[in-house]
Amino acid sequence: MQERLTMIQHRKAFRRGVVLALPVAGVLALTACSAAGSGDGDANGFTFTYQTSNNLESPYATLAKEYMKSHPGVTITLNPQPNDRYGQTLRTQLQGGNASDLIQTAPGTGQPHSALTLAQAGFLEPLGKSAASLIPKGSDSLFYIGDKLYAQPVDFTVNGVVYNTTAAAKAGITKFPATTEELVQNCKTLSAKGMSFVALAGGARPT
């Protein structure tokens, strides 16, 4: 099963030296149904489900086509799913036992379709040692359960923090914290007032 991930590993490895400091955005995982045979994949290929948000060709589709072109006899069956209902669709396929062999998901446990959430539910197969070399330093908790690795990163993104100086001043915060200790103290100060210093985008009601 691990050989099925080789194509993605080789294509993405060159980026690691440049962007390891950036947060992991997407990961790939091997579904448990593929171990028993989903009926779609075989020894000369596999099925792959990933998110898509427009009518432009996904980089995953481009990579798959290039790989098949350079490896005659290998068939990668693509199963793109709309981004707005991807998580729900993926869970339904996994629960029904008809998910693709390889799936795009998210690191950690923050979403219903995150890698470790799916692994805990028994939907994923552990990966081998070659995938372990791709895990960014300090990110083991996003990919491992105990000593078993359940996903590997394939892309990274830049995350920023939007700071509202007016709201902060009203709450008694005069400057953005320069150290972790100051951040923690600010969080405690606002928490005591029933407020939060940090809010997840989309997770707070408009005021």
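In the predicted model, Arg85 has a relative accessible area of 46% and is therefore classed as partly exposed, since this value lies between the 20% and 50% cut-offs. The side chain of Arg85 forms a salt bridge with that of Asp84, with a separation of 3.8 Å from nitrogen to oxygen, and Asp84, at a relative accessibility of 68%, is counted as exposed because the value is over 50%. Side chains of opposite charge can pair when their charged atoms come close.

The structure contains two salt bridges, and another pairing of this kind links the side chains of Glu57 and Lys65, for which the N to O distance is 2.5 Å. Glu57 is partly exposed at 46% relative accessibility, and Lys65 is likewise partly exposed, with a relative accessible area of 45%.

Strand 2, which spans residues 45–52, is largely enclosed by the rest of the structure, because six of its eight residues are buried. Strand 2 runs parallel to strand 3 (residues 75–82), to which it is joined by eight bridges, and within this pairing Gly45 is placed opposite Thr75 of strand 3.

Note on methods: Residues are numbered from 1 along each chain as its sequence is written. This is a predicted model: local features need pLDDT of at least 70, side-chain atom pairs count only at pLDDT 80 or more; totals for chains, interfaces and linings use all residues. Side-chain values use heavy atoms; hydrogens and water are left out. Buried means under 20% relative accessible area, exposed over 50%, partly exposed in between (1.4 Å probe, protein chains only). Helices (H or I, at least four residues) and strands (E, at least two) are DSSP runs, numbered from the N terminus. Two strands pair if DSSP finds at least two bridges between them. A salt bridge is a side-chain nitrogen of Lys or Arg within 4 Å of a carboxyl oxygen of Asp or Glu.
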